[in-house]
Amino acid sequence: KMTQQMRDLQLAQARKPPGPSSPNAAKRLYRNLSGKFRVNYTSFDEGSLVGRGEKEKLRKSYLFQSNAALFEAVELQDLDRVQEMLKHYSPEELDLNTPNSEGLLPLDIAIMTNNAPIARALLQAGAKESPHFVSLESRSLHLSTLVREAEQRVNELMAQVVNEAPNADCSEKEKQLKAWEWRFRLYKRMKAGFEHARVPDAPSSVHLSVASSSSLQVTFWEPLSVNSAVVTKYKVEWSCSPTFSPLLGEAVIDKLKDLHFTIQGLVSGTEYHVRVAAYNMKGWGPPQASVPPFAIPSNWREYDGRAPRRRGQAEALDHLLGQVKTVHQHCICHEPCKNQPQSRKHSVSKSLKHLFHPGSKFLKTLKRGLYLTAIFYKDDNILVTHEDQIPVVEIDDTYSCLLMQDFLWLTKVSCMWDEILWLRQCVTVSQSSCSCILQTRFKMLLAISQMQGLLGIQDLGQVFFEPIKDKQGNILIVTLKEVKTNQTFESVRWVPICKLQTSRKSVSSPEEPTALDTLLISIQDKLAYHQRSSHALSPGLYLGYLKLCSAVDQIRVLVPEQLPNILCHVKIRSNPNISREEWEWLQKMASVEEPVPTEPETDRSQNPLFQELQVAIKELMTLVNIPLQEAKDFRLYSQEVLDFGDQVSFLLLLPPSDDVCTAPGQNNPYTPRSGFLTLPLQIFELGEEK
């Protein structure tokens, strides 16, 4: 009755018990799984199980139930239940790509009933079609067999129900009859769906771009037609000939979460043609040629002969630091500390000595002077002393004003917390000059060492870009660090931030809060800044806006609050690479001093980068509150494309040369909307490096 192929399949699947055979059974099973499966499966007490065999048996039982529930949800065309199960269970837990006793996978049922939403949800989760349908004939034969056997079973049960007297067995057979009638209708609907389907149309659009000097990126969109069956995979083909003969390569894309593909291993400077075709259960549809029709792998740096700006910089700095250490290592002042470890190795006696030494305790209140505080946080908790105070140590009690250059020097020191002891020794050697600056910086290093010793940790984190000052003459330098592990510290403990804010008794008036009160009031903002400053951009090409403002002792740069380690920006496209042709166009535009492209021009409508820049410039001008007509005097920085790793690159948009940096007292008629701040240039550079 069954074909030999399906008999073999059934033998292979004999280990799987039969699933529920009616809609009501499916609903009961799904409700049972929803309420019990996930909780019970993860809450087993392993000690109560007899052995590994019994645990494995229970695990397989639950996996089978989840698999059966998914099949029933797909058969009932219950999109909400399918999405819920895909959300809470992995493909392995659902046994997503194992056929049932009828030789079908959940995706087979979805596409043959032409349920596109469920089919797409399954495809997003990694579902596959049954590998047993090797041809259209095998699929058609299998569906005909299912329909015929279901019809035969319905006829047999109907005859039994009609001929038998009413009893318990008859009632059970009536239930089976209803279940098989429902399954018979399902198989007929699947068979009709397959017979009326046709091959898919070509993808609605295929975009080709240059990803590097040896790769091309292909992005495509599904066919517009809604009459054909659901597309389950795509095929990308490439060739050096517009006729695609000979074919250089092809790739089948069956993971449809993102419809794009990168062709690797190509020859730089060679012309490649690309096309894409879609596939459904009826076969491959016609291919769609890419736009543009061909592309040439290239990269602006290789074409221009430019090495990456940052290549070798880290190694050069390490080498320079090693040379400096070599010069200083024979100094007398370094001898007592040669055997002192740089990592955390504080003994118990040393820690207790720190706690009881009058000059080595955390401070409770501030007098007039310069102080250092370290904020360590984890989730919604913050590190405090045993007296529920934020860790604070004194730098200098005679220091009434903090020079910006001293503060910026300290931010650079934060890049080498492990070298504080060595830096102290170097500054001590130089103190013979009695420089006030050196004395202040030496005191900063002493305070850092004291904080490290009291906490028992070297890395104090990132220096907040602005010290906190109050009217009592206190200046508070803040460092921030997020703790993501169960790290232990000395002399401190964790408390919720909200509890610390409500329990602290202020010793100042609301009109003139102390620096510590100001810190507690604004601590959430500072933690948010610290978290945002470590966020990374998604891969792509960006347009950045460079705007500076100068003061007497510093230059500041405009940045967005949501991403303070990056210039104000908008995304141009997802492909970060600038090809040879695009670089030549940028150079040509810069050489003739053309204004930035804010209005469309018919003769350039075929240049994708030109069109992308138009959209990006309009978006960026709106973001920073500059009228679009003013952008006509702006210019693109054409000396280079700024690369931040391999996946992020920037083109810079510059105001007129006289307006790049606003001087003190100079009027700036276009003030950015809320959501921006200005950082000292050195702080921004440190954040960018991180």
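Residues are numbered from 1 along each chain as its sequence is written, and side-chain values use heavy atoms, with hydrogens and water left out. Because the model is predicted, local features need pLDDT of at least 70 and side-chain atom pairs count only at pLDDT 80 or more, whereas totals for chains, interfaces and linings use all residues.

The largest nonpolar core contains 77 residues. Such a core is a set of buried Ala, Val, Leu, Ile, Met, Phe, Trp, Tyr and Cys residues joined through side-chain atoms within 4.5 Å; buried means under 20% relative accessible area, exposed over 50%, and partly exposed in between (1.4 Å probe, protein chains only). Ile375, Ile448, Leu455, Leu476 and Ile477 have the most contacts inside this core. Helix H15 (residues 436–455) supplies its largest share, eight residues. Helices (H or I, at least four residues) and strands (E, at least two) are DSSP runs, numbered from the N terminus. Because domain 3 (369–534) and domain 4 (540–592 + 602–689) both give residues to the core, it lies between them; the domain bounds come from an automatic or database domain assignment. A second, separate core has 62 residues, among them Phe71, Phe133, Ile253 and Leu256.

An open sheet of four strands runs in the order S23-S17-S18-S24, with mixed pairing. Two strands are taken to pair if DSSP finds at least two bridges between them. The edges are held by S23 (661–662) and S24 (676–680); each has a single partner strand, so one side of each is left without a neighbour in the sheet. Strand S18 (residues 555–560) pairs with S24 in the antiparallel sense over five bridges, and Arg556 stands opposite Pro680 in S24.

Helix H19 (residues 580–591) has 12 residues, which should span 16 Å at 1.5 Å a residue; its end C-alpha atoms are 16 Å apart, in agreement. The expected span is 1.5 Å times one less than the number of residues. Glu582, Trp583, Trp585, Leu586 and Met589 of H19 are buried. These residues cover an arc of only 160 degrees around the axis, which puts them on the same side of H19; the arc is that of the directions from the helix axis to the C-beta atoms. The face turned away from the buried side carries the exposed residues Lys588 and Ser591. The cover over the buried residues of H19 includes helix H10 (300–304), strand S19 (568–573), helix H20 (608–623), strand S20 (635–636) and strand S22 (648–654), where contact means heavy atoms within 4.5 Å.

Phe650 lies in strand S22 and is buried at 2% relative accessibility. Residues up to four places away in sequence aside, Phe650 touches residues including Leu537, Leu541, Tyr542, Ile566 and His569.

Asp406, in helix H13 (residues 404–413), is buried, with a relative accessible area of 2%. Not counting residues up to four places away in sequence, Asp406 touches Tyr399, Ile437, Thr440, Arg441 and Met444.

Trp417 is located in the loop between H13 and helix H14 (420–430), and counts as buried at 5% relative accessibility. Its contacts beyond four places in sequence include Ile448, Gln452 and Asp459. The C-alpha atoms of Trp417 and Asp459, 42 residues apart along the chain, are separated by 5.6 Å.
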